[in-house]
Amino acid sequence: MLAEYKNILVPVDGSGQSEDSFKKAIAIAKRNNAALHLIYVKDTRNVPLSPEYESRLTEAYKDMEYEFLDEMMTFATNEGIEIKKSVTNGNPMTLIAEAFPKEYNIDLIVIGATGKGAITRAFVGSVSNYVVRHAPCDVLVVRT
C-alpha cells in the first residue's frame, strides 16, 4: 500500500537541485492533496561575524533570497497547492531533519542531493545525507 502524504517539507537554497526538488514536491503534493512547507535556512554554522556585520550581510542578500522564494510561492499557488514559507537562520541539518518535521507534522521531506554549499559540505558533511539518516519521516532525495 502506498503512503499518502499530507505535509511535505521542501528545503530550498536557490540552486538548480533545490528547484528540481521543489518541482518534484509540487507533483507529489498534487497527487496527495498535501500541504507544502517551503523552507530556506541561512546556514550560520560557519559565520563568525559580529551582529553588526551579520545584519549588513543579511540585508545585502535579502532581496536576492526572497525573489526565488516568492517565485516558488507563486508557482505553487497557481498549481492549487497550499503552501507555507519559513525563512530562518541556523544549522540546516538539524532544522530540516529534526526541528521542522516535528513542528509541522511533516511526513515527507523532498530534498536535493546537493545544493549551493559545496565547500561547506566538504568540511561538515552533506545536508541531504544528514537528513536521510536523522529524519523521523520518509525522505526523497532528488537528483538531476
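Colleague: Why is Tyr 104 called partly exposed?

Modeller: In this predicted model, Tyr 104 has a relative accessibility of 26%. Buried would need a value under 20%, and exposed a value over 50%. The 26% of Tyr 104 lies in between, so the residue counts as partly exposed.

Colleague: What makes Phe 100 buried?

Modeller: Phe 100 has a relative accessible area of 7%. The limit for buried is under 20%, so Phe 100 is buried.

Colleague: Why is the pair of Phe 100 and Tyr 104 called stacked?

Modeller: Two values are needed, because a pair of aromatic rings is described by the distance of the centres and the angle of the planes. For Phe 100 and Tyr 104 the centres are 5.6 Å apart, and the limit for a pair is within 6.5 Å, so the rings pair. Their planes stand at 15 degrees, and stacked asks for under 30 degrees, so this pair is stacked. By this rule there are three aromatic pairs in the count.

Colleague: How do you know that about one helical turn separates Phe 100 and Tyr 104?

Modeller: Both residues belong to helix α3 and are four residues apart, so about one helical turn separates them.

Colleague: Where does helix α3 pack?

Modeller: Helix α3, residues 92–104, packs on the sheet and touches β1, β2, β3 and β4. The direction of helix α3 makes about 140 degrees with that of β3.

Colleague: What is the order of the strands in that sheet?

Modeller: The sheet is open, with five strands in the order β3-β2-β1-β4-β5 and parallel pairing.

Colleague: What makes β3 and β5 the edge strands?

Modeller: Each of them, β3 (83–90) and β5 (138–142), pairs on one side only. From one strand to the next, the twist averages 20 degrees.

Colleague: How do you know that β1 and β2 pair?

Modeller: A pair of strands needs at least two bridges. β1 and β2 are joined by five bridges and run parallel, so they pair. Val 10 stands opposite Leu 38 in β2. Together with helix α1 (residues 16–32), β1 and β2 make a right-handed β-α-β unit.

Colleague: How many bridges does β2 have with β3?

Modeller: Eight bridges, in the parallel sense. At one of them Leu 36 has Ile 83 in β3 as its partner.

Colleague: Why is β2 called mostly covered?

Modeller: Eight of the nine residues of β2 are buried, that is, under 20% relative accessible area, so the strand is mostly covered.

Methods:
Residues are numbered from 1 along each chain as its sequence is written. This is a predicted model: local features need pLDDT of at least 70, side-chain atom pairs count only at pLDDT 80 or more; totals for chains, interfaces and linings use all residues. Side-chain values use heavy atoms; hydrogens and water are left out. Helices (H or I, at least four residues) and strands (E, at least two) are DSSP runs, numbered from the N terminus. Axes are lines fitted to C-alpha atoms, for helices over the stretch in contact, and angles run from 0 to 180 degrees between N-to-C directions. Contact means heavy atoms within 4.5 Å. Rings of Phe, Tyr and Trp (its six-membered ring) pair if their centres lie within 6.5 Å; planes under 30 degrees apart count as stacked, over 60 as edge-to-face and the rest as tilted. Buried means under 20% relative accessible area, exposed over 50%, partly exposed in between (1.4 Å probe, protein chains only). A crossover is right-handed if, with the strands pointing away from the viewer, the path from the first strand over the helix to the second runs clockwise.
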